[in-house]
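Open the model in your viewer and keep the selection panel at hand. This tour goes from pockets to ligand to salt bridges.

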Amino acid sequence: MPLNKISGFSKTLINWYLSSKRDLPWRLNNDSYRIWISEIMLQQTRVDAVIVYYENWMKKWPTLLKLSKATEDDVLNAWKGLGYYSRARNILKTAQIVVKENSGKLPEDIISLNKLPGIGRYTAGAIASIAYGKQEAIVDGNVSRVYARLLALEEVINDPKQQDFYYDIATSQLPGKQLSEFNQGLMELGALICTPQKPNCIECPVKKKCLAYKEDLVDKLPNRKKAAKSTKLVRLGLIIKKNKKFLLIKQNKKGLFYGLWEIPAIALKKEEFNEKTIADTISNELKLVGEIENKIYEVKHTFTKYRETILVYSFTPEKIPLKWQKSFFSLNEINDLPMGSAHKKIFNYMRKRK
Ligand code: SF4
């Protein structure tokens with residue numbers, strides 16, 4: 001494993017980054033709060049989709065102190081549409097801890113950063129190096145792909161077991177200064193030039209140092225482990241209306257959808273079901289007695305390792321349990337509720353159907 005520095009690599013990369021970087025709102029300055037929020041938003045979400053969320057967020061909560069006083073519903077609302085809502089909940093928890101324990105300033109060292117909710121190894125390294133100029137490496141899919149090609153490495157880039165290997169490589173290449181520009185340059189190179197498909201080697205600033213380019217291995221690298229098979233889930237979702245309003249339930253089970261609003265639903269073993277049996281299950285699980293009516297819609301979505309289908313049917317219950325009597329919302333009100341993408345699709349459809 002080559003741990004020697006690639007001659008001239010960091011200087012070339014930094015110069016290229018400084019002359020070619022995209023003008024993005026989180027690059028206005030190196031404030032740790034701004035860097036942190038951008039890094040969390042950018043996990044699993046494209047840059048162009050993040051920009052407007054980021055700008056709105058910074059208008060609403062320009063400082064970590066202001067954010068720490070927000071409610072969970074406030075942050076979930078601001079996050080609406082970005083998905084993976086646990087990220088928003090963890091941001092709020094971290095802001096509150098940092099205000100209480102560290103005078104409102106994110107710690108500078110990765111060990112302390114890593115202890116905060118939602119801040120993993122990558123984000124800790126990004127905050128420490130970009131905001132505080134610390135000698136810390138960052139490794140994500142972009143960075144490991146760049147190194148796998150630059151150094152013609154065979155180690156797969158998407159296996160957690162190889163994470164230490166790629167961190168060792170990335171650490172070995174850190175320059176003595178300009179850590180912020182270097183790490184951002186690596187990310188930018190992976191995002192703009194050394195892309196997963198059809199990398200733009202001709203315009204690559206480091207092509208003269210790239211082994212994959214020299215040895216004609218660009219199309220073969222990086223190596224990837226085959227993704228594990230996803231699990232199929234099916235749910236039956238119920239549209240229950242009262243005076244043009246819809247019954248929605250706030251999820252209170254800890255997990256991915258905690259705090260989000262959904263239509264009442266039950267799990268199914270498969271997409272076909274017997275209406276009589278299903279009415280019993282609805283009665284047992286949701287305490288709603290009534291009959292399944294017509295099918296309205298069907299939505300498919302994926303999250304973590306699951307592929308879920310929600311079959312949406314209208315349902316008229318004999319009566320609504322007391323705890324849900326005030327849980328009806330108009331389509332306008334639903335606009336302002338935090339929801340997962342599948343339920344948002346359901347109500348986009350309901351709006352069109354109106
Ligand atoms: S030369 Fe091509 S493969 Fe090598 S780092 Fe540049 S873009 Fe990536």
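Start with the lining of the largest pocket: its residues comprise 14 nonpolar, twelve polar and nine charged. Keep in mind throughout that this is a predicted model.

**Stop 1: the largest pocket**

How much space lies in the largest pocket? About 930 Å³. Select L42, Y122, D140, G141 and N142. Of the 35 lining residues, these five are the closest to the pocket's centre. Now colour the helices. Helix 2 (32-42), helix 8 (121-131), helix 9 (141-150), helix 10 (163-172) and helix 11 (179-192) are the elements that each give two or more residues to this lining.

**Stop 2: the second largest pocket**

Move on to the second largest pocket, with a volume of about 690 Å³. Its lining counts 28 residues. Select R235, Q251, K253, E262 and A265 to find those nearest the centre. Which elements give two or more residues here? They are strand 1 (231-239), strand 4 (249-250), strand 6 (265-268), helix 13 (275-286) and strand 8 (306-317). By class, this lining holds 15 nonpolar, four polar and nine charged residues.

**Stop 3: the ligand**

Select the ligand. Where does it sit? The ligand is in the largest cavity. Show the side chains around it: R149, I193, C194, P199, C201, C204, K207, C210, Y213 and V218. Eight residues of this shell are nonpolar and two are charged; none is polar.

**Stop 4: salt bridges**

Side chains of opposite charge can pair when their charged atoms come close. How many salt bridges does a search of the whole structure find? The search finds 15.

Begin with D159 and K225. Their side chains meet in a salt bridge, 3.9 Å from N to O. D159 is in the loop between helix 9 and helix 10, and K225 is in the loop between helix 12 (211-214) and strand 1, so this pair ties together parts 66 residues apart in sequence. Are the two partners buried or exposed? D159 counts as buried, because its relative accessibility is 13% and the cut-off is under 20%. K225 is partly exposed, with a relative accessible area of 43%.

Next, select K245 and E333. This salt bridge spans 3.7 Å from N to O. It links distant parts of the chain: K245 belongs to strand 3 (residues 245-247) and E333 to helix 14 (residues 331-335), 88 residues apart. K245 is partly exposed at 30% relative accessible area. E333 also counts as partly exposed, at 34%.

Then go to E271 and K300. The closest N and O atoms of this salt bridge are 3.9 Å apart. E271 lies in the loop between strand 6 and helix 13, while K300 lies in strand 7 (residues 290-303). The two are 29 residues apart, and the pair links distant parts of the chain. At 23% relative accessibility, E271 counts as partly exposed.

**Last stop: a network**

Keep E271 and K300 selected. Which residues are linked in a network of salt bridges? K232, E271, K295, E298 and K300 are.

Key. Residues are numbered from 1 along each chain as its sequence is written. This is a predicted model: local features need pLDDT of at least 70, side-chain atom pairs count only at pLDDT 80 or more; totals for chains, interfaces and linings use all residues. Side-chain values use heavy atoms; hydrogens and water are left out. A residue is near a molecule or strand if one of its heavy atoms lies within 4 Å of it. On a 1 Å grid over the protein atoms alone, a cavity is a set of points where a 1.4 Å probe fits but cannot get out, and a pocket is an open set with protein on both sides within 12 Å along at least five of seven lines; lining residues have an atom within 4 Å of a point. A molecule sits in a cavity or pocket if more than half of its atoms lie within 2 Å of its grid points. Ala, Val, Leu, Ile, Met, Phe, Trp, Tyr, Cys and Pro count as nonpolar, Asp, Glu, Lys and Arg as charged, and the others, Gly among them, as polar. Grid points are joined across faces, edges and corners, and a volume is the space filled by probe spheres set on the points. Helices (H or I, at least four residues) and strands (E, at least two) are DSSP runs, numbered from the N terminus. A salt bridge is a side-chain nitrogen of Lys or Arg within 4 Å of a carboxyl oxygen of Asp or Glu. Buried means under 20% relative accessible area, exposed over 50%, partly exposed in between (1.4 Å probe, protein chains only).
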